[in-house]
Each structure stands twice: as structure tokens, then as C-alpha cells.
Amino acid sequence: MIPYQFSRERKDFLNELRARVADYFSANDLSRNANAYMVLKTIMAVGMFLIPFTIILTLGNELPLGVIYGLWFLMACGKAFIGTSVMHDSLHGSYSNNQLINQLVGSCSYMIGVNPKMWQIQHNVIHHTYTNLHDVDEDLDAHYVLRFSPNQDRHWFHRFQHLYVWFFYCLPFIIWSSIKDFKKLVRYKRIGFIRTKSEFNKYLLIIVVQKAIYFSCFIGLPMYLLGWSFGSVFTMFLFMEAITGLLLSFVFQTAHVMPDNKFLNQQARDIEENWAEHQLLTTTNYGRNSKVLCWFTGGLNFQIEHHLFPNICHIHYPRIADIVRDTAKEYNLPTLSLTRFWRLLWLTTIK
């Protein structure tokens, strides 16, 4: 396991904040979980992914090539929408207070090519605990080519990162839907998150079957039903995966890779801040007043609220954001928040 320990001091802020947020839900007789609005988002996200694919499979030979690529583009948007607005909440356990429902809704991760167990370890356990911690938070791992943290080595070509980063933003989902789950399984067995050989073999079998079904559906079915060549279908598939990766990079990079965020290069076991302080220092909100951003990012533009309350469904973040800001201010703690999304996106490329 990862050998770092947060400070146990100065916990008054988090205790007070949790009490105030609990009072908000109690006073307004609200559940912390999904409501009808969230169910509607779920239906829309899944529909945005599956309906264009159904049209491709049934009418593909009658449609112009530009329309076909437009449908693959809509599928990419649907995949990103599922990832941010459905899968993310359900795999955090915040979609419902019934864990069976969370698991059922979270199975949409298989639909978009992601193994839920590997995602939960990387995101829920590692990223949410050790945010922006060098060589631990895997969201900062850009494999030498990109530099997202001042603690990473700077090479001569990083001065051009703002020019070439956009291509590499297209790659994450191509990698994840193909080999990343296998690599994560091996890594998590080595560092102790997967404890036994039988558990390793179980997840290996699940990943193999999942990938076989995923590629059979989205590459094999168009080839079989429409008579298209492997090359043409594979090109369309890569186009969809690249757009999905680009969109998700836009959402997640703007949350933590900001100039004012703290980046840790921890040598000692003990971390100076407690966990809540660490989340405030390493996380940035953006576009708080944009309902469009909140809708399509699954409330992840309220990243501070998400990191402090990952067990609350994202539809509630805009309402509790003021509680978080005001409470942090009383305790002389920062809440980083920026407004211009495209400016933020540009800042993520420069390190």
C-alpha cells in the first residue's frame, strides 16, 4: 500500500463543513443521491451513445461518409457524457444509497470500455486521497512526453508542450479501452490493492471478456452487418476514442493542473496538511456559473465540492458550493476558483 499519512491536526474545518452540509440536506428534505433530474441525464447520456450507433448499424450503407463520422462524433460525446455524468457518480457510490443500484448503473463503464474495479482503485482510492502527489497520483503520469507538475523533470521539448499536447489529449481513451486495464491490474497486484492470485485471475478474466465484447460490438458488428472493411471501421473507431479522450482531458486537466494548485514531492511519510486542507490546496473549481459546463461535465467543474464530498451526487454541488466557500473562508482556507474555461485549458498545457 502507499506509505503516506496526512496530519491529524486541525480537523475542525471538515467537521464543521460536514455538519453544515448535513443541515442543508436535512432542512431541505433532500437526498444526497440522484433524483429525477439525474435519471434524465442518465437516459440522455446513454442515448447519446447508443442511438447513433444503432443508426450506423441499420442505415450505415445509405448515409454519406460525413454523416457517418458525425454519428461517431456523437457517440464520442455520449461516451464522455456517460463517463462524467453517470459512471463517475455510480462508481463513487453517490448515485444511490443502494449499492446494488450503484453497481448496476456503474456497469455502464463496461459499455464504454473501462473496467470499474481498475478505475475505482486509480480514481477513488489513489487520486482522491493523494491528489497531485508526485509519483503517486496517476493522473499526473504523462510518461515523460508531457509535464503536468513542477516536480517532474523538465526537458527542452516541454517548451513546445502547448503545441503538441492536444494530440496526446486524444490518446488516453484509446489506451484505456485497449491495454490500460491490464497494466493497472498488474500494478495494483504489485502494490497490494489486488491481494491474492485468485483475485488477480478473476479480474484478468473479466477484463479479457470485457475487451473482447467491447471490440466485437464496436468494430466487429459494423464489419459483419454492413460489410465494411476492418481498416475503415477501425479508423472510425479510433476517431471516436480520440474525441472521447480529448473531451475527458478537457474536463479533468482543468481541475488540478493549475498554476495556483499545490504539487507535492513527498520525501517523508507524514504530509503536512490534513486530508481536507490537502484537497483545497490541490483542487480548482471553474465555470461555477455555467449551467452548460455543469450539465456536461457531471458537476466536475465543482471539483472542490466533489473532492470533499465524493459520496454526494454531483447534481447537488452548485447548491453546496457556497457553504464550502464560506466555511473555508471562516477557517482562513483557500477555495481556488477560476471562470474562463478556455483560458484554464490553455494554462494546463504550460508547465
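Colleague: How do the residues lining the largest cavity divide into nonpolar, polar and charged?

Modeller: There are 3 nonpolar, 4 polar and 2 charged. Here Ala, Val, Leu, Ile, Met, Phe, Trp, Tyr, Cys and Pro count as nonpolar, Asp, Glu, Lys and Arg as charged, and the others, Gly among them, as polar. This is a predicted model, so local features need pLDDT of at least 70 and side-chain atom pairs pLDDT 80 or more, while totals for chains, interfaces and linings use all residues. Residues are numbered from 1 along each chain as its sequence is written, and side-chain values use heavy atoms, leaving out hydrogens and water.

Colleague: Which residues line the largest cavity?

Modeller: His 127, Asn 132, Asp 137, Asp 139, Leu 140, Phe 252, Gln 253, His 256 and Val 257. H10 gives the largest share, 3 residues. Helices are DSSP runs (H or I, at least four residues; strands are E, at least two), numbered from the N terminus.

Colleague: And what volume does the largest cavity have?

Modeller: About 70 Å³, and a search of the whole structure finds 1 cavity of 30 Å³ or more. On a 1 Å grid over the protein atoms alone, a cavity is a set of points where a 1.4 Å probe fits but cannot get out, a pocket is an open set with protein on both sides within 12 Å along at least five of seven lines, and lining residues have an atom within 4 Å of a point. Points join across faces, edges and corners, and the volume is the space filled by probe spheres set on them.

Colleague: Is His 256 buried or exposed?

Modeller: His 256 is buried, because its relative accessible area is 4% (buried is under 20%, exposed over 50%, partly exposed in between, with a 1.4 Å probe and protein chains only). This residue sits in helix H10.

Colleague: What does the side chain of His 256 make a polar contact with?

Modeller: With the side chain of His 307, at 3.1 Å. A polar contact is a pair of N or O atoms within 3.5 Å; within protein, one must be able to donate a hydrogen and the other to accept it, and residues adjacent in sequence count only if both atoms are side-chain atoms. Beyond four places in sequence, His 256 is in contact (heavy atoms within 4.5 Å) with residues including His 127, Asn 132, Phe 263 and Gln 303.

Colleague: Switching to pockets: what is the volume of the largest pocket?

Modeller: About 1,300 Å³. Of its 44 lining residues, Gln 122, Glu 138, Asp 139, Asp 141 and Lys 180 are the closest to the centre. H8 supplies the largest share of that lining, 9 residues, and the lining as a whole has 20 nonpolar, 13 polar and 11 charged residues.

Colleague: Last topic, the largest nonpolar core: which residues touch the most other members?

Modeller: Trp 72, Met 75 and Met 240, in a core of 39 residues. H3 contributes the most, 11 residues. A nonpolar core is a set of buried Ala, Val, Leu, Ile, Met, Phe, Trp, Tyr and Cys residues joined through side-chain atoms within 4.5 Å.
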